[in-house]
Amino acid sequence: MASFSINNTYAGKHVLLTGSSGFLGKVWLGMMLERVPEIGRIYLLIRKKGLRPASDRFDKMVNSSFVFKNLHEQYGEKLSAYISQRVEVVEGDVTQPNFGLNDADAARLRDKLDLIVNCAGLVDFNPDLRDALATNVNGGVYAAEFTEQCKNAALLHVSTCYVVGNRSGLIEEEVDPNYCPSGAAFDPEAEWVGMQERIEKTIAEMESVAGEEALKAEVLAKIRDRGLDATNATLIRNMTHRERQQRVKSKLSAVGEKRALELGWPNTYTYTKSLSEALMVKRHGHIRHTLFRPAIVESSLSYPFPGWNEGFNTCGPLTYLLQTWFRHIPGKQGNPFDVIPVDLVCNGITIAGAALLRGEQKPVYQCGTSDKNVLTIDRACDLVGLSHRRHLRKTGTSAFERIVLSRMDAKTVEGDYLLSVPNLRSLGRGLGSAFRSLADKVPSGASKTMNQWANATEDADKQLDVVEKMLDLFRPFIHDNRFVFECKALNSHEIEEKAFHFNPEAIDWRDYWLNVHIPGLRRWSYPAIEGKRVETYTPQHKFSFTKAHVAAPPVAVKREVG
Amino acid sequence: MDKTTTVAFVRVEGTLVDRGVLSASAYIASNGQGLSERLLRLGQVALTAPVYTFLGQNDRVLANRLAYVAARGMSDDRLAVLGEEYFEDILKERILDSGLDLLKKAKKAGHQIVLLSEGLHEFVGPLATYLADHLKMPELVGALVCNQMEYRDHEASGRLLDPVIGGHDSGRWATKYAVEHDVDLAQSVAYGAHGPDMLLLATVGKPCAVNPDFTLRRAASQADWPIMEYTL
């Protein structure tokens with residue numbers, strides 16, 4: 001196949017990006033603005049939040065995210081003009097037909113767009129099923145519908161490698177709209193309708209007269225327990241409303257999870273992403289499109305700078321756990337842990353998008369490392385432990401941290417390990433009840449101590465419950481299945497610019513985990529896990545989108561690209 | 001054509017640092033993955049220690065092979081991190097000032113410096129980098145010749161790759177190095193500290209025994225080689 005240039009392919013092209021406020025979308029946007037300055041225009045579909053217009057949200061994003069630091073430093077006060085000449089924010093919502101655009105914007109975009117990159121997705125493993133269906137399924141279907149209405153647009157839909165569900169072995173780059181990991185007969189149309197009906201039924205059940213009565217009684221009991229005024233009608237109404245919402249949410253999360261597990265997907269996220277792929281292919285398979293499936297997207301290798309990360313990704317909570325006293329995670333030795341740096345994923349999206357623009361696209365692009373440069377879960381775990389060891393030895397706040405905790409190694413273990421969480425929990429519960437029963441039989445001084453110990457074991461049990469639930473969520477990816485994702489399609493295109501090459505085989509995993517990824521998580525993700533404020537960027541010159549900038553003379557590109 | 005390159009072969013253990021192979025293998029053992037693994041490995045090193053001392057004068061290659069069995073089954077990642085730590089925590093404090101003076105003098109005299117070490121590359125590599133930084137001589141170490149662990153799928157097999165550094169072969173190795181790099185051995189110097197370094201010292205025109213053990217001291221006296229003594 002002949003080689004092609006990313007810059008030439010995107011020059012003058014109009015691209016609509018959804019999910020630009022997410023981890024992946026933001027990095028891709030920054031990369032395109034920096035490395036593909038000749039791009040026609042990037043339209044960002046952004047939802048307004050309350051009274052806050054979409055454009056304000058974009059301004060805030062550019063003025064606070066480190067992704068745009070390079071651009072700020074390159075263009076300084078000219079950045080507003082530089083971006084305004086290349087980006088347009090359109091207010092809309094992926095969960096609505098026609099992206100929730102107003103008629104004028106919709107007509108304009110249908111006319112102009114060359115490519116739609118649908119990066120929007122709800123990546124929580126088991127969210128409220130309503131939210132998962134709205135963003136992951138409806139969002140994908142509406143993106144395909146809108147693409148079909150466009151004059152000349154193609155669709156790149158970002159999905160996940162894990163749509164394959166619970167399966168082991170080599171996962172090929174193919175799509176089957178009737179695929180179901182459990183092997184059950186699967187009709188995506190019927191499934192979609194069925195799930196919507198299930199949502200309605202669940203809500204109706206929970207809001208039935210009997211359900212409401214029971215809820216009210218519980219709320220009243222709670223109010224009395226807290227010593228509040230049980231005759232205050234406003235308080236009762238508000239608390240009942242909040243409680244109802246919470247219960248519906250939690251029930252629908254359980255409904256989604258149950259359905260996913262029944263059909264062989266590990267969670268609602270992968271199930272809804274797969275359903276979205278199936279519906280898109282079944283209904284709109286004839287449009288120019290491609291499915292882009294990254295594996296576990298993690299800290300950047302080099303763009304915008306080594307170690308950039310944001311929010312809670314798969315590795316964040318898991319690796320955080322391994323720096324506490326808890327050092328054992330369930331994992332099967334030798335199972336690949338398919339982590340891929342976000343900037344390599346962005347390169348992949350750029351390549352697949354260019355292939356679409358040229359009409360040379362493959363139906364599916366998988367973007368991972370397990371077939372070319374495998375990292376096993378046990379190696380990853382060892383590297384995490386070593387990174388924490390290094391960190392604690394140097395910066396531990398106490399001698400205990402520097403000498404003892406730093407030397408407690410992270411290890412993968414089988415589920416039935418002696419010190420596994422279920423075993424620890426049953427030991428804790430046993431001790432707790434022993435302390436309680438002893439408390440009644442010993443003198444009052446000792447009884448107080450016994451009760452304190454019993455309370456401590458109960459607190460520990462609550463913490464272990466959180467750990468157990470979290471490990472259960474990750475178990476299919478690190479223990480139960482052995483995924484090897486084929487990633488041939490991205491390398492089937494020869495790209496002229498080195499900066500856009502997709503080369504996972506070049507990753508030095510030791511260097512990545514010890515010097516890039518874990519330090520990145522420590523700076524960008526762990527504070528969020530600890531409920532602390534995450535560092536934000538403050539530019540010297542604030543970016544502000546204005547129409548005047550659009551008409552101003554073009555800002556010269558600061559450096560050679562590609 | 002006249003040979004113009006001259007080399008200073010410097011045995012690291014005993015000449016530059018006063019820590020040897022057993023110290024490194026004990027460090028490796030005590031930092032295995034998990035408590036039970038550490039205890040097992042430490043037990044192994046404790047059993048190896050007397051054998052190492054006995055074999056050290058006779059078959060240093062076998063002694064070194066035995067000492068590094070303690071690393072068997074460890075990941076290359078762990079050994080790399082432990083190597084850095086070992087240098088920072090232990091080796092750095094055990095660098096001999098007079099050894100540094102030897103290096104500076106050798107460099108000033110125009111010799112290319114070749115460090116010979118029985119240590120694993122992961123453990124001695126940081127030392128070579130540090131010496132160059134510390135003495136502000138980026139080109140200080142012309143070559144670092146040390147032992148290499150064999151890895152299979154990122155896991156140490158516990159076997160050292162050939163040639164194992166530390167035995168009597170050092171002399172043969174130096175001769176080969178001289179041929180390959182066009183070195184004038186007659187004008188080269190060598191600093192050794194152990195009995196098995198005898199052949200290395202005998203290969204060059206200007207040998208010197210530094211803090212020699214019993215065997216090397218006797219040989220140096222017989223051969224009339226200069227002897228240097230220094231401590232930390």
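**Helix Crossing, Sheet and Chain Contact in a Predicted Model**

Visitor: Is the crossing in which H2(B) passes H3(B) left-handed or right-handed?
Guide: A crossing is left-handed if the near helix is turned anticlockwise from the far one by less than a right angle, and right-handed if clockwise. By that rule, the way H2(B) passes H3(B) is right-handed.

Visitor: On what conventions does this description rest?
Guide: Residues are numbered from 1 along each chain as its sequence is written, while chains are lettered from A and ligands numbered from 1 in the order in which they are written. The model is predicted, so local features need pLDDT of at least 70, totals for chains, interfaces and linings use all residues, and side-chain atom pairs count only at pLDDT 80 or more.

Visitor: At what angle do the axes of helix H2 and helix H3 of chain B cross?
Guide: Helices (H or I, at least four residues) and strands (E, at least two) are DSSP runs, numbered from the N terminus. Axes are lines fitted to C-alpha atoms, for helices over the stretch in contact, with angles from 0 to 180 degrees between N-to-C directions. H2(B) and H3(B) are roughly antiparallel, a class that begins over 145 degrees. Their axes come within 8 Å and cross at roughly 165 degrees.

Visitor: How do the residues of the contact of H2(B) with H3(B) divide?
Guide: Contact requires C-beta atoms, placed from the backbone, within 7 Å. Among the residues making it are B:Leu22 and B:Ala29 of H2(B), with B:Arg38 and B:Tyr52 of H3(B). Ala, Val, Leu, Ile, Met, Phe, Trp, Tyr, Cys and Pro count as nonpolar, Asp, Glu, Lys and Arg as charged, and the others, Gly among them, as polar. The contact divides into seven nonpolar, two polar and two charged.

Visitor: Which strands stand at the edges of the sheet in chain A?
Guide: Strands pair if DSSP finds at least two bridges between them. The open sheet of seven strands, with parallel pairing, has the order S3-S2-S1-S4-S5-S7-S11. Each edge strand has a single partner, so one side is left without a neighbour; these are S3 (87-91) and S11 (364-367).

Visitor: Which helix gives the most to the side of chain A that touches chain B?
Guide: Eight residues of chain A are in contact with eight of chain B. With five residues, the leading contributor is helix H14 (residues 377-395) of chain A.

Visitor: Does A:Tyr417 count as buried, exposed or partly exposed?
Guide: Buried means 20 or more other C-beta atoms within 10 Å, exposed 12 or fewer, and partly exposed in between, with C-beta atoms placed from the backbone. Because A:Tyr417 has 14 C-beta neighbours, this residue is partly exposed.

Technical notes
Parallel < 35°, antiparallel > 145°, perpendicular 65-115°, else oblique. Contact = placed C-beta atoms within 7 Å.
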